[in-house]
Every structure is written in C-alpha cells, then in structure tokens.
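Work through the following exercises with the sequence and the model open side by side. Each task is followed by a solution in steps.

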Protein chains: 2
Amino acid sequence: MSLKYGVLGLLKGEPLHGYEVKSRFEAMLGGTWEVNIGQIYTTLQRLERDGLVRPAGPRGDRGKLLYELSPQGQKALDQWLGEPDSGPQQLHEDIYVKLLLATRVANGDLQGMLARQKRTYLQRLRDLNRLEERARRDGRLDLARLVRGALLHAEADLKWMDELSSERFGAEGARTE
Amino acid sequence: MSLKYGVLGLLKGEPLHGYEVKSRFEAMLGGTWEVNIGQIYTTLQRLERDGLVRPAGPRGDRGKLLYELSPQGQKALDQWLGEPDSGPQQLHEDIYVKLLLATRVANGDLQGMLARQKRTYLQRLRDLNRLEERARRDGRLDLARLVRGALLHAEADLKWMDELSSERFGAEGARTE
DNA sequence: CAGCCGATACATACTCGGCATACATACTGA
DNA sequence: TCAGTATGTATGCCGAGTATGTATCGGCTG
C-alpha cells in the first residue's frame, strides 16, 4: 500500500538513493515484503514533484541520486504518523464478495468452500508462527509485534469460519430483487 | 478490490447492462460499498476483451448494452468461487509500516498513537454493531454474516492494541543498520 | 395543458496512483 | 569471462476517481 510514507520515514535522518531505500525498506519488514524496484523510483519522483523530498546534491557515483526529506515532507510524515490508521474499512474485500456470491450462486458447496478457507487460514497461522519465532530469534522484537497482529487476524478469520460452518444455511436474505 | 468477479457473479443467471450491475452490486452489499460507475464500465470492457462476457444482442433502448456471461466467464467464475481466498497476505498494510516507523522515529508518542488507534477501532466496532443490527432487521442474514467477520477483525485489532500498550517499549530490535 | 426543472438512468472519456515486467548498464567477485 | 548485484529508466495494466454528456420521467407552476 503506502510505500509513500515508508519512503518518507526511511529518508528521515539520512538521505538515501532509490536502491538503498528498497533494501532498507525490505530489511525493516524483515523480508516479508519484497518491494518492486520500479515502484520505488516512481514513488520518489512523485514525492519530489509534490515537494516532499528533494535531491541532496548532484548525481554521484554511477548515476546515484540521493534524496532527502524537505521540511514539508517532514511535516507530512509527522502528520501521517499522528493520525490513526483507518484500515481497509468496511466490507471491501474479496472474501466478502466471494461469500455473498457463494451463498446465492453455488449454494451447494458452501460447506466445502468454508472448509477450504479454514485450511488456508490454518496454513497462515503456521507460517506466521514460524515467522514470529524467527523474528524473536533475530532479536527483531518490533517485527514480532507486527506478526502478532497478523496472527490475531488469522485467528479471527478462523473463528469466523467456524461460526459460519456451524450455521445451517438457507437462501434466507440472499434475495435482492 | 475484485469487482471483476462480483460483476461475473451478478451476470450469472441474467444479462445486465452496466448501470444495473452497479445498482445490483451495491444492493448486494447492503449499501456498504458505493461503486464508482466508471469502474463498472471499464471492468465490463476488460471482461469483454478477455472473452469472459459478451454483449447479449444489439444496443437497446437508449444505448443500453446488455452483457451476458460467456462459457469461459462461467468457468472463470466457478474456479474463483472454488479456490480459497488468499486475503491480503503478509504484512503489506499501512498500520504495520506506521507502527514500525513510530517505534523508530517517534518513539516519544507511541503510547499516544496506540490510544488513538484504539479509539478508532472502538468506533468501528460501534459502527459495525449498528450495521449488523440493521442487516438483521432487514432480513439480510447474508449481510449480517459478513459484518460478523468484520466485527471479529475489529476485535482482534483492539486486542492487539491492548497487548502492545501493555508492553514496555524500548528501541530493542528496531535497528537495521 | 404547456413548459420547465430537477432527479435519475445510462454511458463515455480522462486522469492519477499502485504495481509489475522488462530492459539497460556498470561494477564486483569467483 | 561469467554470474550476480547495484542502480536506474521505460512501459503498460489495473483500480479508482472526476468530469461530462444525453435521454427520460415525475413533478410543479403559470
């Protein structure tokens, strides 16, 4: 999502060039997020266009161009950090649409779908647990905290699936016309 | 997110034109998702380009163009419904980046940030509860099920914030260089 | 009733940001 | 010299929003 502020945050403190922004960002996320390199550069260009970052000096070594935070960039970053994250609000996610369509279209195999979904979440739980363990082993407590959040989400999803699959489904409420 | 399959699913059974796809979609989501009209048409064009839908007859009334599902579209829809949703996997969300940056940049006001975030989630809980109640009153049990999922997520987020704010934070593990 | 007016049904075009692929080039170490 | 990595640019798709345009319909007013 918002590479934009990630980049701003990394630039706070020391100027970096594009490629290094990429590696710092990925390191910060503990390897859980491989950023596309092209995206970094377009993001930097847009940030420059909007006056939030600026080149710190002329191009160096092999075309390397250091960027630094402008005062406005500083301000924008602080503001973003200061306001709460609204998250992907509401029901704008694939799983919701899939559930709705499954009840009205594939009424037959809804239980199967729930079971598959459940298996998916279980797998995620396992992955996240391994990730958390690794983060702690590496002394990356900050990362472990993030993973903890993701774990809670996966557990919530699992619980949801359990609730759903213990309901008896009918076509109730699935009509819209 | 994936309007694409939402559109396919709505087209299953009866041909519709763009504007009506929009209203059906929004009705299906119980008014929690106002779709952009332009997006519907571009989505339909792309689906036609990819052979998943096709015009059902010539343009009618006032330029109205009915679309219907092609056999391939049918197949694509069934496949999508059959596979589990992978969800926004990993830690690619704003809140994670924000937390990381907050610990390493704004170490001072992390507790404040957590508190604000908690308030945001509480508000969401209230909103979702109202929404669920309304859905049940309207006999939209399918919708209520979705809202239940969103509620569980919000609760998980809240729990996460509680865990975090009862930790004592240091700069441990926040270094990457 | 004529005529106008605002709402809504219906569609297109344009723009921007996110994200991915592909490509180019220089350096560096085996 | 060959593989890999550091570093950057160009290009294109898709999601999503804004703006615009036309036809119809249900009024309200003179």
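Helices are DSSP runs of H or I with at least four residues, and strands are runs of E with at least two, numbered from the N terminus. This is a predicted model, in which local features need pLDDT of at least 70 and side-chain atom pairs count only at pLDDT 80 or more, while totals for chains, interfaces and linings use all residues. Residues are numbered from 1 along each chain as written, chains are lettered from A and ligands numbered from 1 in the order written, and side-chain values use heavy atoms, with hydrogens and water left out.

**Exercise 1.** Describe the side of chain B that touches chain A, by helix and by residue class.

Solution. Begin with the contact (heavy atoms within 4.5 Å), which takes 72 residues from chain B and 73 residues from chain A. Next, assign the chain B side to helices: α1 (3-11), α2 (18-28), α4 (71-82), α5 (94-105), α6 (110-137) and α7 (141-165) of chain B each supply at least two residues. The largest share, 17 residues, comes from α7(B). Finally, sort this side by class, which gives 33 nonpolar, 18 polar and 21 charged residues; here Ala, Val, Leu, Ile, Met, Phe, Trp, Tyr, Cys and Pro count as nonpolar, Asp, Glu, Lys and Arg as charged, and the others, Gly among them, as polar.

**Exercise 2.** Find salt bridges between the chains and within a helix.

Solution. Apply the rule of a Lys or Arg side-chain nitrogen within 4 Å of an Asp or Glu carboxyl oxygen. One of the latter joins Glu163(A) to Arg148(B), with the closest N and O atoms 2.8 Å apart. Within chain A, Asp127(A) pairs with Arg130(A) at 2.9 Å, N to O; both residues lie in helix α6 (residues 110-137) of chain A, three residues apart, about one turn of the helix.
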